Amino acid sequence: CVGAYSLITELETKCPRGCEDCEDGNCDNPCADDQPERTAATCGTDECGDYLASVTDEDLSTAVEVGYPSCVNSTALSSVASYGSMGTFYLNQYYRSVARECELSDRLALSTDIDYTTCVGAYSLITELETKCPRGCEDCEDGNCDNPCADDQPERTAATCGTDECGDYLASVTDEDLSTAVEVGYPSCVNSTALSSVASYGSMGTFYLNQYYRSVARECELSDRLALSTDIDYTTCVGAYSL
């Protein structure tokens, strides 16, 4: 249990945050608006890079399958047992986000492959798009969001997401990935405590995701990088509605 838990504690120690992202400000060192928790200045070090390079896919699998579940027998760390139910993808994504903020992605030893047959893998089609093709503002009708868009202001523009990182990600997602997520990954979310609501994405079919990716690519002026098919299946409800 403590060995598996060290995947979190060691990362925090060797790749430290410069501030804490706490919504209510109720933490010791809250981040300012739009301030990232980590930057190359706080964690772009050899120590952080060496640690990222030392953690393997096998380490994550062992922790998730054996280490975290054993925490149910620990008085101090019983709550950590839930990490096991999140699968290796959650940890993989967390390590990747830390490496990206510390500008040390090239030191990461973990695989970048995503298993879209899993709930968290399928959900990454949303979370990864948001991370790699970021919005400049949020389109919220009542203005009740952190960074509301002004009137007629698009959420994304080439200035916010017309990057190689966004383009490369758009080019990496295929029609097969969407099909796998919709047919297998999202439906499996019914068994997830944290992501059970995501199961409904499966009922929307691949068309919804295809259209969402295409709209993001268009706003980021990266439509030429999109790997997804532009064909529409009019035998489906959403396909017919697209007319």
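Are C137 and C149 buried or exposed? Both are buried, where buried means under 20% relative accessible area, exposed over 50%, and partly exposed in between (1.4 Å probe, protein chains only). This is a predicted model, in which local features need pLDDT of at least 70 and side-chain atom pairs count only at pLDDT 80 or more, while totals for chains, interfaces and linings use all residues. Residues are numbered from 1 along each chain as its sequence is written, and side-chain values use heavy atoms, with hydrogens and water left out.

Start with the disulfides. A disulfide is a pair of cysteine sulfur atoms within 2.5 Å. By this rule there are 10 disulfides.

C137 and C149 form one, with sulfur atoms 1.9 Å apart. The angle about their S-S bond is 95°, and the link is right-handed. Both cysteines sit in the loop between α6 and α7, so the pair ties together parts that are 12 residues apart in sequence. Helices (H or I, at least four residues) and strands (E, at least two) are DSSP runs, numbered from the N terminus.

Next, take C133 and C166. Their sulfurs are 2.1 Å apart. This link is also right-handed, with 100° about the S-S bond. It connects distant parts of the chain: C133 is in the loop between α6 (119-132) and α7 (158-161), and C166 is in helix α8 (residues 164-172), 33 residues away. Both C133 and C166 are buried.

C22 and C27 form another disulfide, with 1.9 Å between the sulfur atoms. Here the S-S torsion is about -40°, so the disulfide is left-handed. C22 and C27 are both buried.

Now turn to the pockets. On a 1 Å grid over the protein atoms alone, a pocket is an open set of points with protein on both sides within 12 Å along at least five of seven lines; lining residues have an atom within 4 Å of a point. A volume is the space filled by probe spheres set on the points.

The largest pocket holds about 2100 Å³. It is lined by 46 residues, and D21, E37, E101, E130 and T131 are the closest to its centre. Helices α5 (87-101) and α6 each give two or more residues to this lining. The largest share, 10 residues, comes from α5.

The second largest pocket holds about 400 Å³. Of its 16 lining residues, R96, T112, E128, K132 and Y169 are the closest to the centre. α5, α6 and α8 each give two or more residues to the lining. α8 gives the most, with four.

Technical notes:
1 Å grid on protein atoms, 1.4 Å probe; cavity = no way out; pocket = protein on both sides within 12 Å on 5 of 7 lines; lining within 4 Å.
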